[in-house]
Amino acid sequence: MKIQGKLFLWLSVFLLVMAVTYGVWSKEPVGTTALVLAFGLAIMIGFYLAFTANRVDAMAQDNKEADVADEAGEVGFFSPHSWQPLSLAIGGAFLFMAVVFGWWLAYFSAPLLLIGLFGWVFEYYRGENRTQ
């Protein structure tokens, strides 16, 4: 975690320099504000990662002689045959299209999105996959 903290702190230094340069050069307040806010986010994340790196055990990326396989482990369980992400994607696409074509489309797409979401979350609580 130490290297991530350093990366974000260097990113915050870069963003601050770019915000000052952009603000002086363009005199445009919106872009300058966006860069200053990006600087604030980067410094918060960098400080958090650098601060908590002392509290956790050293990870493989902190060791300069570590191999890629040293950090390998169980990634998680992924459902190999689930149709729920497709339903969730279609419902989300139609819900975002409601912004373009009209809010009436949200009345039809929100239930499809919710069915996909609840189906995906509770997929292994009922039916034939309940015991997995």
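**Annotated spans and an aromatic cluster**

In the unreviewed UniProt entry, the annotation "transmembrane region" covers residues 7-25, 31-51 and 110-127. The structure described here is a predicted model. Two of these spans were examined for secondary structure. Residues 7-25 are 100% helix and 0% strand. The end C-alpha atoms of residues 7-25 are 27 Å apart. The span 110-127 is 67% helix and also holds 0% strand. Its end C-alpha atoms lie 24 Å apart.

Aromatic contacts were examined next. The structure holds four aromatic pairs. One of them joins Phe118 and Phe122. Their ring centres are 6.4 Å apart and their planes meet at 10°. Planes under 30 degrees apart count as stacked, so the Phe118 and Phe122 pair falls in that class. Phe122 also pairs with Tyr125. Here the centres are 5.7 Å apart, with 65° between the planes. The Phe122 and Tyr125 pair is edge-to-face, as planes over 60 degrees apart are classed that way. Through these ring pairs, Phe118, Phe122 and Tyr125 are linked into a cluster.

Phe118 has a relative accessibility of 48% and counts as partly exposed. Phe122 is partly exposed too, with a relative accessible area of 42%. Tyr125 reaches 60%. The cut-off for exposed is over 50%, so Tyr125 is classed as exposed.

Notes: Residues are numbered from 1 along each chain as its sequence is written. This is a predicted model: local features need pLDDT of at least 70, side-chain atom pairs count only at pLDDT 80 or more; totals for chains, interfaces and linings use all residues. Side-chain values use heavy atoms; hydrogens and water are left out. Rings of Phe, Tyr and Trp (its six-membered ring) pair if their centres lie within 6.5 Å; planes under 30 degrees apart count as stacked, over 60 as edge-to-face and the rest as tilted. Buried means under 20% relative accessible area, exposed over 50%, partly exposed in between (1.4 Å probe, protein chains only). UniProt positions are given in the numbering used here, feature names are shortened, and annotations may be inferred rather than shown by experiment. Helices (H or I, at least four residues) and strands (E, at least two) are DSSP runs, numbered from the N terminus.
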